[in-house]
Amino acid sequence: MRVTRPRVAVLTAVHEHPHADTDSIIGVVRADLGEVSHQAVYDVLRALTTAGLVRRIEPAGSVARYESRVGDNHHHVVCRSCGLIADVDCAVDNTPCLTASNNHGFVIDEAEVTYWGLCPDCSNAQSL
C-alpha cells in the first residue's frame, strides 16, 4: 500500500479518535490537510479496512465507525443513551464467545459481541 498524505491523515484520525464515524474522521482530516473530498476519505477507509489496518464496526442502529485496534477478538459496549462506545477485552484463557453451541461445520476464529447499557454519565443523569 502506497503511503499518501490522505491515507496517513485518515489513519492518524482513526488512531486518535477510536470508534469515530466517517463524518467525524472527515472533519479531523480536513483540519489537518485542508480540503479533501468525502469520497477520498471513504476510499481511504475502505482501503485501510481491506488492508487490515483499521477495523469497521457497525453497532445496531448506528452508522459505521472505525478503530485502529485490530488483530484481536475484542468486543464493544455501547451506551443506549449517548452512543458512547468502549472496548471490552475477550475473556483471557477462556474464550466462551468462540465456543459455539453448534458450529454447523464452520471453523470459528472470531466472535462479534456487543454489550448494551448506559455509560456512567448517562446512568448518573438518569438517577438525578
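**Close-up views of a predicted model**

**View 1. Ala20 in strand β1.** Ala20 lies in strand β1; strands (E, at least two residues) and helices (H or I, at least four) are DSSP runs, numbered from the N terminus. This is a predicted model, in which local features need pLDDT of at least 70 and side-chain atom pairs count only at pLDDT 80 or more, while totals for chains, interfaces and linings use all residues. Residues are numbered from 1 along each chain as its sequence is written, and side-chain values use heavy atoms, with hydrogens and water left out. With a relative accessible area of 9%, Ala20 is buried (buried means under 20% relative accessible area, exposed over 50%, partly exposed in between; 1.4 Å probe, protein chains only). Apart from neighbours within four places in sequence, Ala20 is in contact with Ile25, Ala64, Arg65 and Tyr66, where contact means heavy atoms within 4.5 Å. The C-alpha atoms of Ala20 and Arg56 are separated by 9.9 Å, and the two residues are 36 residues apart along the chain.

**View 2. The open sheet β1-β3-β2.** Three strands in the order β1-β3-β2 form an open sheet with antiparallel pairing; two strands pair if DSSP finds at least two bridges between them. The edge strands are β1 (20-21) and β2 (55-57), each of which pairs on one side only. Between β2 and β3 (residues 65-67) there are 3 bridges, in the antiparallel sense. Arg55 has Glu67 in β3 as its bridge partner.

**View 3. The open sheet β5-β4-β6.** Here the pairing is mixed, and the 3 strands follow the order β5-β4-β6. β5 and β6 stand at the edges with a single partner strand each, so one side of each is left without a neighbour in the sheet. On average, neighbouring strands of this sheet are turned by 25° against each other, direction ignored. Axes are lines fitted to C-alpha atoms, for helices over the stretch in contact, and angles run from 0 to 180 degrees between N-to-C directions.

**View 4. Strand β4 and its two partners.** Strand β4 (residues 75-79) has 4 of its 5 residues buried, so it is largely enclosed by the rest of the structure. β4 and β5 (residues 85-88) run antiparallel and are joined by 4 bridges. Val77 is bridged to Ala86 in β5, and Val78 to Ile85 in β5. In the hairpin of β4 and β5, 5 residues lie between the strands, and Gly83 takes a positive phi near 85°. With β6 (residues 114-117), β4 pairs in the parallel sense over 4 bridges. Cys79 stands opposite Gly117 in β6.

**View 5. Ile85 in strand β5.** Ile85 is found in β5 and counts as buried at 11% relative accessibility. Leaving aside neighbours within four places in sequence, the contacts of Ile85 are His19, Ile57, Pro59, Arg65, His76, Val77 and Val78. Ile85 and Asp21 are 64 residues apart along the chain, with 11 Å between their C-alpha atoms.

**View 6. The crossing of helices α1 and α2.** The axes of α1 (residues 5-16) and α2 (residues 22-33) come within 9 Å and cross at roughly 125°. That makes α1 oblique to α2; angles under 35 degrees count as roughly parallel, over 145 as roughly antiparallel, 65 to 115 as roughly perpendicular and the rest as oblique. Arg5, Pro6, Ala9, Val10, Ala13 and Val14 in α1 meet Ile25, Val28, Val29, Asp32 and Leu33 in α2. The residues of this contact divide into 9 nonpolar, no polar and 2 charged. Ala, Val, Leu, Ile, Met, Phe, Trp, Tyr, Cys and Pro count as nonpolar, Asp, Glu, Lys and Arg as charged, and the others, Gly among them, as polar.
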